[in-house]
Amino acid sequence: MGSRGQERQQDVACAAAACPCPHLATPARARFRPRDPPMTPALITGPADLARLVERLAREPRIGFDTEAASFHRYVDRIYLIQISSERETALVDPLAVADLTPLSGLLARQDLEVVFHDADYDLRALDRDYGFHARRVFDTRIAAQLLGEPAVGLAALLLKYFDVQMDKKLQRADWSIRPLTPDMIAYAAEDTRYLTRLREALAERLRAAGRLAWAEEEFARLETVRWTAPPPDEGYLRLKGAKALPRRALAVLRALHGWREETARALDRAPFRVLPNEALLAVARAMPHSTSELHPVAGLPGSLPRR
């Protein structure tokens, strides 16, 4: 969010805490109680199913949209699942099963369809990186909540506050690259978008009453231009906590270790910290061992590392 948006967030947060006005008061949950869409989401695994889904969604005024990746498990960060909800249905699109997702590009680009995200920035960058897709009309419920001065702006906190809906967080770090998806994963993924359009309505009503809807719309318009940018060249070792305090020779060791870990993680398609934790990298760099036998006493190393 830009500097003006941050200033507005601070202003609204102060106003929400101090102002007794009803438009910034905590909403009654019953007032915004959602009409529950069907509980069972459709799993889209073929082009014909995707085409029919897009045809139905194109007739809606707005949809909820989210993506799931597996960066906690995989080296390559990519989209492994796409969740979409309207007032009538929720669908999970499997990019591993549907080779051509082009119909979604046209859907996202429609001027007459609002696309509701929660914390849109990452999803928009990922959609641009993986598919070159760009959303035309965006509403971000996280930004809306921030501009209203909500004390907690996570999706789970907002759904609990507005709808008395308790989200199960046990799969927050699930490996979305695995197939088949378990029933629990399917249910969890569907919950991420199931209430988004209703949450949008509740937040937009309060923004309008507070005279801050135009502020939100300005920020949403900025999101339409968000694009993925490649990370800087390999200086990642310098971003490790404690790296810059190392002596020069130890820092050189850390750089070499970090490079080895990146190559190994890439080859295994495994998150780098699962190959070797950051703390272990730093411990080896400080120890500066001259042989594999000197690695054994270093704390935090997997037992197999000296052999590798």
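Analyst: A polar contact is a pair of N or O atoms within 3.5 Å, and within protein one of them must be able to donate a hydrogen and the other to accept it, while residues adjacent in sequence count only if both atoms are side-chain atoms. This is a predicted model, in which local features need pLDDT of at least 70, side-chain atom pairs count only at pLDDT 80 or more, and totals for chains, interfaces and linings use all residues. Residues are numbered from 1 along each chain as its sequence is written, and side-chain values use heavy atoms, with hydrogens and water left out.

User: What makes the pair of Arg-194 and Glu-191 a polar contact?

Analyst: The side chains of Arg-194 and Glu-191 come to 3.2 Å, which is within the limit, so the pair is listed as a polar contact. Arg-194 belongs to helix α7, residues 183-194, where helices (H or I, at least four residues) and strands (E, at least two) are DSSP runs numbered from the N terminus.

User: Why does Arg-194 count as buried?

Analyst: Its relative accessibility is 6%, and buried means under 20% relative accessible area, with exposed over 50% and partly exposed in between (1.4 Å probe, protein chains only). Arg-194 therefore counts as buried.

User: Why is Arg-200 called buried, and what does Arg-200 touch?

Analyst: Arg-200, in helix α8, has a relative accessible area of 13%, and is therefore buried. Its side chain is joined to that of Glu-114 by a polar contact of 2.7 Å. Leaving out residues up to four places away in sequence, Arg-200 touches Arg-62, Glu-114, Val-116, Phe-139 and Thr-141, where contact means heavy atoms within 4.5 Å.

User: How do you know that α6 is largely enclosed by the rest of the structure?

Analyst: Seven of the nine residues of α6 are buried, so this helix is largely enclosed. The buried residues are Leu-155, Ala-156, Leu-158, Leu-159, Lys-161, Tyr-162 and Phe-163, and what covers them includes α5 (141-147), α7 and α8 (196-210). After α6 comes Asp-164, whose phi is positive, near 60°.

User: Why is Ala-69 counted as buried, and which residues does Ala-69 touch?

Analyst: Ala-69 has 15% relative accessibility, and therefore counts as buried, although its place is in the loop between β2 and β3 (81-85). Residues up to four places away in sequence aside, Ala-69 touches Asp-77, Arg-78, Tyr-80, Tyr-122, Ala-174 and Trp-176. Ala-174 is 105 residues from Ala-69 along the chain, yet their C-alpha atoms are separated by 9.1 Å.

User: Which residues of the largest nonpolar core touch the most other members?

Analyst: A nonpolar core is a set of buried Ala, Val, Leu, Ile, Met, Phe, Trp, Tyr and Cys residues joined through side-chain atoms within 4.5 Å. The largest one has 56 residues, of which Phe-65, Ile-84, Val-93, Leu-104 and Phe-117 touch the most other members. A second, separate core of 16 residues includes Tyr-237, Ala-243, Ala-250 and Ala-280. In soluble globular proteins, nonpolar side chains tend to be buried together.

User: Which residues lie nearest the centre of the second largest pocket?

Analyst: Tyr-75, Pro-231, Arg-239, Glu-262 and Pro-272 do, among 20 lining residues, and α10 (248-268) and α11 (272-275) are the elements that give two or more residues. The largest share of that lining, five residues, comes from α10, and the space in this pocket is about 620 Å³.

User: How many cavities of 30 Å³ or more does a search of the whole structure find?

Analyst: The search finds one. It is lined by Leu-124, Phe-133, His-134, Ala-135, Leu-223, Glu-224, Val-226 and Arg-227.

Methods. 1 Å grid on protein atoms, 1.4 Å probe; cavity = no way out; pocket = protein on both sides within 12 Å on 5 of 7 lines; lining within 4 Å. Points joined across faces, edges and corners; volume = space filled by probe spheres on them.
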